[in-house]
Amino acid sequence: MAERDRIIKLNVGGALYTTSKSVLTSVRGGFLDRVAVGEINSMRDHRGTIFIDRDGHVFRYVLNYLRTSKLTVPQGYKELYLLREEADFYGLPGLVAEIDNILRSRKRRNRPRLSKQKSKSMDLICDENGTVIFEDDSSDFFYD
């Protein structure tokens, strides 16, 4: 078996994962690359498995990113901020960028659409449901 195809077992926050050295070294210079090539001395659990004290449930998406070079999470995944923290810790700038794109997209999508309607006495700004957001120019209130 070639060295790059060596099987590596990981215990990430109590969740066990098995992968190949080539997957862990797919992003050069990242934490997992440095662990796999021995640049970082890793803690080991009682079975001799490499132990990483991070979120084990979120790690599955990190590992899948290393395998496929793309982020794949369930639709409506709610732990993107946590996943971003983990991607940053593992030194995966491509994954961080993909998560940031999704977060920006979600912010744009969740912003209510505003429309300006003319009134005889003042301009009204309403959301898509017709709720008045801003009554007149002299008001101290504004909608972001």
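Entry 1, strands. Two strands pair if DSSP finds at least two bridges between them. I kept that rule at hand while looking up Ile-8, whose bridge partner in β2 is Thr-19. I note here that the model is predicted. Strand β1 covers residues 7–12 and strand β2 covers residues 15–20. They pair in the antiparallel sense, and I found six bridges for them. The hairpin of β1 and β2 has two residues between the strands. In this hairpin Gly-13 takes a positive phi, near 55°.

I looked up the largest nonpolar core, which has 32 residues. Leu-10, Leu-32, Phe-59, Leu-83 and Tyr-90 are the residues with the most contacts inside this core. At least two residues of the core come from each of β1, β2, α1 (21–24), α2 (31–36), β4, α3 (56–68), α4 and α5. Helix α3 gives the most, with seven residues. I wrote a general remark beside this: in soluble globular proteins, nonpolar side chains tend to be buried together.

I then took Leu-32 and listed its contacts, leaving out residues up to four places away in sequence. Leu-32 touches Leu-24, Ile-52, Phe-59, Val-62, Leu-66 and Tyr-90.

Which residues of helix α4 (residues 80–89) are buried? I found Leu-80, Leu-83, Glu-86 and Ala-87. They lie on the same side of α4, because they cover an arc of only 120° around the axis. After α4 comes Gly-91, and its phi is positive, near 70°.

I counted ring pairs and the count came to six. One of them is Phe-31 with Phe-89, a tilted pair with 5.0 Å centre to centre and 45° between the planes. This pair links distant parts of the chain, as Phe-31 is in helix α2 and Phe-89 is in helix α4, 58 residues apart. Is Phe-31 buried or exposed? Its relative accessible area is 18%, so Phe-31 is buried, the cut-off being under 20%. Phe-89 is at 33% relative accessibility and therefore counts as partly exposed. I also noted a cluster in which ring pairs link Tyr-17, Phe-31, Phe-59, Phe-89 and Tyr-90.

I located Arg-106 in helix α5, residues 93–110. With 23% relative accessibility, Arg-106 counts as partly exposed. Which residues is Arg-106 in contact with, leaving aside its neighbours within four places in sequence? The list is Gly-76, Tyr-77 and Leu-80. For Gly-76 I also looked up the C-alpha separation from Arg-106, which is 9.7 Å, with the two residues 30 apart along the chain. For Tyr-77 I looked up the atoms involved: the side chain of Arg-106 reaches the backbone oxygen of Tyr-77 at 2.8 Å. Leu-80, the remaining name in that list, was already in my notes as one of the buried residues of α4.

Where is Thr-49 placed? I found Thr-49 in the loop between β3 (43–44) and β4 (50–52). Thr-49 counts as buried because its relative accessibility is 10%. Not counting residues up to four places away in sequence, Thr-49 touches Lys-9, Leu-10, Asn-11, Met-43 and Arg-44. Leu-10 in this list is also one of the residues with the most contacts inside the largest nonpolar core.

Technical notes: Residues numbered from 1 in each chain as written. Predicted model: local features only at pLDDT ≥ 70, side-chain atom pairs only at ≥ 80, totals over all residues. Heavy atoms only, no water. Helix = DSSP H or I, 4+ residues; strand = E, 2+ residues; numbered from the N terminus. Buried < 20%, exposed > 50% of the residue type's maximum accessible area, 1.4 Å probe, protein only. Contact = heavy atoms within 4.5 Å. Polar contact = N/O pair within 3.5 Å; in protein donor to acceptor, adjacent residues only side chain to side chain. Arc of directions from axis to C-beta. Core = buried A, V, L, I, M, F, W, Y, C linked by side-chain atoms within 4.5 Å. Phe/Tyr/Trp six-rings, centres within 6.5 Å; stacked < 30°, edge-to-face > 60°.
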